[in-house]
Amino acid sequence: MNKRDFAFDKVNFILLAVGMAIVVIGFLLMTGPGSSDTVYEPDIFSARRIKVAPVVCLFGFVSMIYAVMRKPKNSGDKSQETVENSKI
């Protein structure tokens, strides 16, 4: 299989992995102790769990969307081939 047959290049996969890692970090920031019927835990409403973690997750999802939408850089040879093939 040729390298030209792939929709993603190495940079796309790296950006996708970084985006997934950022999302996982955001979900880890949301974790913490929960309240039960007998014990109230005020940490449920902390700024880390309500404000910071969702913004981190959103940033991760946006970066993953960018990684999928990013068009790989083409070499000059491929652009010449498409021009020549369109003339035929």
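The protein chain holds 3 helices and 0 strands, where helices (H or I, at least four residues) and strands (E, at least two) are DSSP runs numbered from the N terminus. The model is a predicted one, in which local features need pLDDT of at least 70 and side-chain atom pairs count only at pLDDT 80 or more, while totals for chains, interfaces and linings use all residues. Residues are numbered from 1 along each chain as its sequence is written, and side-chain values use heavy atoms, with hydrogens and water left out.

**Exercise 1.** Describe the order of the elements and the share of residues that count as buried.

*Solution.* Begin at the N terminus, from which the elements run α-α-α. Then turn to burial: of the 88 residues of the protein chain, 18% count as buried, a class that means under 20% relative accessible area, with exposed meaning over 50% and partly exposed lying in between (1.4 Å probe, protein chains only).

**Exercise 2.** Determine where Arg 70 lies, whether it is buried or exposed, and which residues it touches.

*Solution.* First, locate Arg 70 in the loop between H2 and helix H3 (76–87). Next, classify the residue: Arg 70 is buried because its relative accessible area is 16%. Then list its contacts (heavy atoms within 4.5 Å): not counting residues up to four places away in sequence, Arg 70 touches Asp 9, Val 11, Asn 12 and Leu 15. Finally, look at the pairing with Asp 9, which forms a salt bridge with Arg 70, the closest N and O atoms being 3.2 Å apart; a salt bridge here is a side-chain nitrogen of Lys or Arg within 4 Å of a carboxyl oxygen of Asp or Glu. This pair links distant parts of the chain, since Asp 9 is in the segment before H1 and Arg 70 is 61 residues apart from it. Asp 9 counts as partly exposed because its relative accessibility is 23%.

**Exercise 3.** Work out which residues are linked with Asp 43 in a network of salt bridges.

*Solution.* Take the pairs in turn: the side chains of Asp 43 and Arg 48 meet at 3.7 Å, N to O, and those of Asp 43 and Arg 49 at 3.8 Å, N to O. Joining the pairs gives the network of Asp 43, Arg 48 and Arg 49.
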